Amino acid sequence: MKLLVLLLLAKCSISWAARLSSESVPASLFPARFRHVPSKSEPSQSNANITVEFFTTEVDHSNNQDGATWSNRYLSSMDHFVESGPLFVFLTGDVPLDPALIDESTLINEMARDLGGAVFALETRFYGESQPVGDLSVESLRLLTTDQILADVADFVLHLRRTVIGNPFAHVLVAGTGLGGGLATWFRVRYPHLADAAWSSSGYLRAVYDFQEFSSEWAEAAIAAGSQECYNRIFIAFHVAQNLIDLGLEGILYEELNLCSPIDATDRMQVAYFFSVLMTSIELYTMRNGNVRDFAAVCEDITANGFPTSLDAFANWFNWRFEEGNGCIVVDFDVLIESLRETSPADDSNVSGDRQFLYQQCTEYGWFLTTDSDLQPFGERVQMELYYEMCRRVFGEWVTPQLMYLSTERTNARFGGSTPNVMQAHFTNGAFDPWRYTSIVSDLNAYALADVIPGELAGADLGAISEEHDSAELVAVKRRLKELFESYLFPFNPR
């Protein structure tokens with residue numbers, strides 16, 4: 001009996017802690033958001049003293065007539081804390097809590113050790129086990145907004161100051177990566193009296209309706225870290241696949257790519273979803289570990305001799321990496337929609353945050369990966385129509401293209417997009433990370449600086465300093481981060 005493997009559309013908030021085994025099929029590749037959810041860390045010496053805690057906050061911060069509350073989950077590490085020490089708060093964004101986010105292997109923990117601080121990681125409402133109302137229905141998800149999340153963070157900082165350490169004036173650094181980096185910056189913008197500084201590591205700050213730049217930026221990285229021949233082979237493979245479908249020869253792709261069912265060439269959404277799976281399979285795989293060398297490894301496979309055509313070379317790589325045993329690949333758009341309609345937080349897809357993040361994409365952020373740019377090798381079939389249909393079919397007829405577009409415009413207008421009005425913040429990005437297009441890559445002012453790290457993908461700066469494994473440029477950025485945040489937290493009394 002064949003093993004069915006579901007490849008979902010993906011957004012990649014490539015977490016530095018995320019790892020995808022090269023010998024297994026990803027359970028969820030969701031090309032609309034292209035994200036990795038870190039697997040649970042095993043107990044170890046580096047995270048032995050990290051405890052799981054809860055604090056109480058409001059279900060709906062905008063409704064004073066409703067006093068309902070819930071318990072928000074967070075992690076706590078007090079190993080290095082001394083009296084009058086600062087608080088380091090890591091915002092997990094769209095991934096569940098994991099001790100690896102703040103354990104001894106991280107730079108934020110290293111900062112806490114040097115400054116006598118305490119380290120915390122706060123899980124975002126509706127993600128992981130932090131469920132305000134117990135389900136993920138559309139009615140419940142109306143409470144999943146940036147404003148509600150930032151209000152949770154505000155209550156959390158007050159809880160830490162008043163209840164946990166008993167110092168209402170404790171200095172606070174908020175930090176995060178991906179969506180968490182955006183939230184950290186927006187918190188500093190919206191609640192400057194509660195956070196002395198913000199660190200956005202590869203943070204998503206600018207909402208983008210049609211994120212066509214992702215694939216073009218990925219293509220540049222593939223050429224630089226892989227080869228021009230690799231780009232050319234992928235280009236040919238995708239365009240040949242398009243031509244086969246146009247000629248009514250989609251059965252060749254069914255056989256070549258070991259699909260579970262034939263492609264319905266008359267259904268635009270099925271065709272678009274098929275190409276989105278192919279596109280994001282290679283984008284996700286090359287970025288899964290945050291290691292640029294993975295581009296070269298994939299390109300070596302695709303440009304290897306012995307294949308009669310570029311499509312054969314790509315199909316060999318695709319089947320080798322995403323097939324397990326005698327399994328086949330599900331590329332059925334209807335199956336995807338049915339999975340995303342599941343409203344139980346215990347569902348595997350929802351534990352990873354798939355439905356929750358899609359809701360935020362449809363109503364606030366965008367970040368939909370398309371092939372609308374001419375500077376990418378993946379053809380022309382993945383367009384915004386696919387994502388509009390996805391949002392509408394999953395959440396209801398109230399979702400329209402106009403709503404989706406205006407939602408991204410509203411988010412940028414409210415939080416500043418690429419030019420937020422913020423000070424005492426720092427922005428770091430990898431030079432090869434396609435997500436840097438949504439981030440801040442140049443200095444905003446003398447107290448809101450940016451570093452683009454050569455030869456790196458997302459989150460390279462999150463790990464503790466390693467003279468052995470880090471490049472000289474990466475070590476310099478990490479040291480700069482430590483110096484800047486010490487000056488922001490203790491401007492008149494350096495530690």
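The structure is a predicted model. Helices H8 and H9 are oblique to each other, because their axes cross at roughly 135°, and an angle counts as roughly antiparallel only over 145 degrees. The protein chain as a whole has 16 helices and twelve strands. Of its 495 residues, 61% are buried.

**The chain as a whole**

- Contacts between residues at least 6 apart in sequence include a share of 72% that join residues at least 24 apart.
- Gly 353 is placed in the loop between helix H12 (348-351) and helix H13 (354-365).
- With a relative accessible area of 0%, Gly 353 is buried.

**Helix H8 and helix H9**

- Helix H8 covers residues 268-287 and helix H9 covers residues 293-302, and their axes come within 7 Å.
- On the side of H8, the contact is made by Ile 282, Tyr 285, Thr 286 and Met 287.
- On the side of H9, the contact is made by Asp 294, Phe 295, Val 298 and Ile 302.
- The contact of H8 with H9 comprises six nonpolar residues, one polar residue and one charged residue.

**Helix H5 and helix H8**

- Helix H5 (residues 213-225) also packs with H8, at an angle of about 55° and with the axes 12 Å apart.
- H5 and H8 are therefore oblique to each other.
- The crossing of H5 and H8 is left-handed.
- H5 contributes Phe 214, Ser 215 and Trp 218 to this contact, while H8 contributes Met 279, Ile 282, Glu 283, Thr 286 and Met 287.
- By class, the residues in the contact of H5 with H8 are five nonpolar, two polar and one charged.
- Ile 282, Thr 286 and Met 287 of H8 take part in the contact with H9 and also in the contact with H5.

**Aromatic rings**

- The structure holds 34 aromatic pairs.
- One of these pairs is formed by Phe 314 and Trp 317, with 5.9 Å from centre to centre and 40° between the planes, and it is tilted.
- Phe 314 and Trp 317 both lie in helix H10 (residues 310-322), where they are three residues apart, about one turn of the helix.
- Phe 314 counts as buried because its relative accessibility is 2%, and Trp 317 counts as buried because its relative accessibility is 0%.
- Phe 314 also pairs with Phe 318: the ring centres are 6.1 Å apart and the planes lie at 25°, so this pair is stacked.
- Phe 314 and Phe 318 are both in helix H10, four residues apart, about one turn of the helix.
- Phe 314 and Phe 318 are both buried.
- Elsewhere, ring pairs link Trp 186, Tyr 204, Phe 211, Phe 214, Phe 357, Tyr 365, Trp 367, Phe 415, Trp 435 and Tyr 437 into a cluster.
- Phe 214 belongs to this cluster and is also one of the H5 residues in the contact with H8.

**Residues with a positive phi**

- Most residues other than glycine have a negative phi.
- Ser 202 is not a glycine, yet it has a positive phi of about 50°.
- Ser 202 is placed in strand S7 (residues 197-203).
- With a relative accessibility of 3%, Ser 202 counts as buried.
- Asn 258 is likewise not a glycine and has a positive phi of about 55°.
- Asn 258 is found in the loop between helix H7 (250-256) and H8.
- Asn 258 is buried because its relative accessible area is 17%, and buried means under 20%.

- Asn 109 is placed in helix H1 (residues 107-115).
- At a relative accessibility of 2%, Asn 109 counts as buried.
- Leaving out residues up to four places away in sequence, Asn 109 touches Ser 77, His 80, Ile 102, Asp 103, Glu 104 and Val 119.

Definitions and conventions
Residues numbered from 1 in each chain as written. Predicted model: local features only at pLDDT ≥ 70, side-chain atom pairs only at ≥ 80, totals over all residues. Heavy atoms only, no water. Axes fitted to C-alpha atoms, helices over the stretch in contact; angles between N-to-C directions. Helix = DSSP H or I, 4+ residues; strand = E, 2+ residues; numbered from the N terminus. Parallel < 35°, antiparallel > 145°, perpendicular 65-115°, else oblique. Contact = heavy atoms within 4.5 Å. Nonpolar A, V, L, I, M, F, W, Y, C, P; charged D, E, K, R; others polar. Left-handed = near helix turned anticlockwise from the far one by under 90°. Phe/Tyr/Trp six-rings, centres within 6.5 Å; stacked < 30°, edge-to-face > 60°. Buried < 20%, exposed > 50% of the residue type's maximum accessible area, 1.4 Å probe, protein only.
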